[in-house]
Amino acid sequence: MTSRCGVCCYNEAKRVAIFGGTHGNEMSGIMLVNMWSKNEAEIQRSGVMTKPFITNPRAVEKCTRYVDTDLNRAFTPENLSAPCADELPYEVQRAQEINKMFGPKGSANAYDVIFDLHNTTSNMGSTLILESSADHFTLQMVHYIKKAIAPASCPVLLNEHPLLKYSTSRSVAKHPIGLEVGPQPQGVLRSNIFESMRAIMKHALDFIELFNNGVEFPPCSVDVFRVQERMDYPRDTNGNITAMVHPNLQDCDWEPLNPGDPMFQTFDGRTIPYEGSSPVYPTFINEAAYYEKQQAFVTTRRETLAAYAIRKTEQ
Ligand SMILES: CC(=O)N[C@@H](CC(=O)O)C(=O)O
Ligand SMILES: [Zn+2]
């Protein structure tokens, strides 16, 4: 809501959750959430209730992405309204439980903010994932985090593509935000990745505390990478991949890929170039979990979003 003076007012963010283990083999987020569950001091802020929570305990137990189906695709209206039944896939049942605890999605009762901690095998660094360019609270938050961790960089991935957007665990909150840090192999804990995640969460919670204390954040602009297109590996008629990510592209997340640049390399050494008409910024390059999703990487375009000034609604 914009008031007459052009400031966007949002309610205080009193209920905040930090999700880990939405994917059971992404270790840094899981370890942080387990650590904070034992000792909450580090994530406590005045006037905020912050709940660390393991979203997919069975997958964590098995150290696998999921048991029956991807939990981070399961928060669809159909799944959330399906009659409860033991025959439902485990993650659909779990999505219903999470929706009861932290939602209901889209309602006034839902948690204010949910951070969802993920790790990627891609060389993406510390990436914040937004689901809406119209949420000025999260835009201001990522602006604050980017400034706080500079000169280290913190790219923002905006996933509001009509077809490529999916129904995430965090989407039950009023203000969902994903944190994706890599590279970290599946099932592996790397101290540098763990510490990067921890630092970003510190700044994110500091922002919420300032906001709740009545600080007004002035209008600002935020550079984001908007999801454009899913690029699959070349495949044969049986669906088997016939090429790999080209060495020139491997690990080059967020760097421009120009028309004609090498994209894939076939097993017999042939180069397959990128044939788009203009430069794009690839990310999630060679993410292990995306082979099954027919995705070698996703292309993005750079965009600058305008964030309105925000402050808390006066009670
Ligand atoms: C590697 C990985 O799991 N990435 C997440 C991204 C996100 O949370 O939006 C996913 O596909 O669900
Ligand atoms: Zn994940």
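1. Pro104 is found in the loop between α4 (90-102) and β4. The model is a predicted one. A cis peptide bond, with omega about -5 degrees, links Gly103 to this Pro104.

2. A cis bond also occurs from Gly182 to Pro183, where omega is near 10 degrees. Pro183 belongs to the loop between β7 (175-182) and α6 (191-212). As background, most peptide bonds are trans.

3. Phe284 deserves a look at its backbone. Its phi is positive, about 55 degrees, although Phe284 is not a glycine. The residue lies in the loop between β12 (281-283) and β13 (297-307). Most residues other than glycine have a negative phi.

4. His23 is in the loop between β2 (15-20) and α1 (27-38), while His118 is in strand β4 (residues 113-119), so the pair ties together parts that are 95 residues apart in sequence.

5. Ligand 1 sits in the largest cavity. Around it are 14 residues, of which Asn72, Arg73, Tyr166, Arg170 and Tyr290 come nearest. Sorted by class, this shell holds four nonpolar, four polar and six charged residues.

6. Several side chains place polar atoms by oxygen atoms of ligand 1. For Tyr166, the distance from a polar side-chain atom to an oxygen atom of ligand 1 is 2.7 Å. For Arg65, an N or O atom of the side chain is 2.9 Å from an oxygen atom of the ligand. For Glu26, a polar side-chain atom is 3.1 Å from a ligand 1 oxygen atom. How much of the accessible area that ligand 1 has on its own does the protein cover? The protein covers 100% of that area, which is 330 Å².

Definitions and conventions: Residues numbered from 1 in each chain as written. Chains lettered and ligands numbered in written order. Predicted model: local features only at pLDDT ≥ 70, side-chain atom pairs only at ≥ 80, totals over all residues. Heavy atoms only, no water. Near = heavy atom within 4 Å. Polar contact = N/O pair within 3.5 Å; in protein donor to acceptor, adjacent residues only side chain to side chain. Areas by Shrake-Rupley, 256 points an atom, 1.4 Å probe, with all protein chains shown as cover. 1 Å grid on protein atoms, 1.4 Å probe; cavity = no way out; pocket = protein on both sides within 12 Å on 5 of 7 lines; lining within 4 Å. Sits in = over half its atoms within 2 Å of the grid points. Nonpolar A, V, L, I, M, F, W, Y, C, P; charged D, E, K, R; others polar. Helix = DSSP H or I, 4+ residues; strand = E, 2+ residues; numbered from the N terminus.
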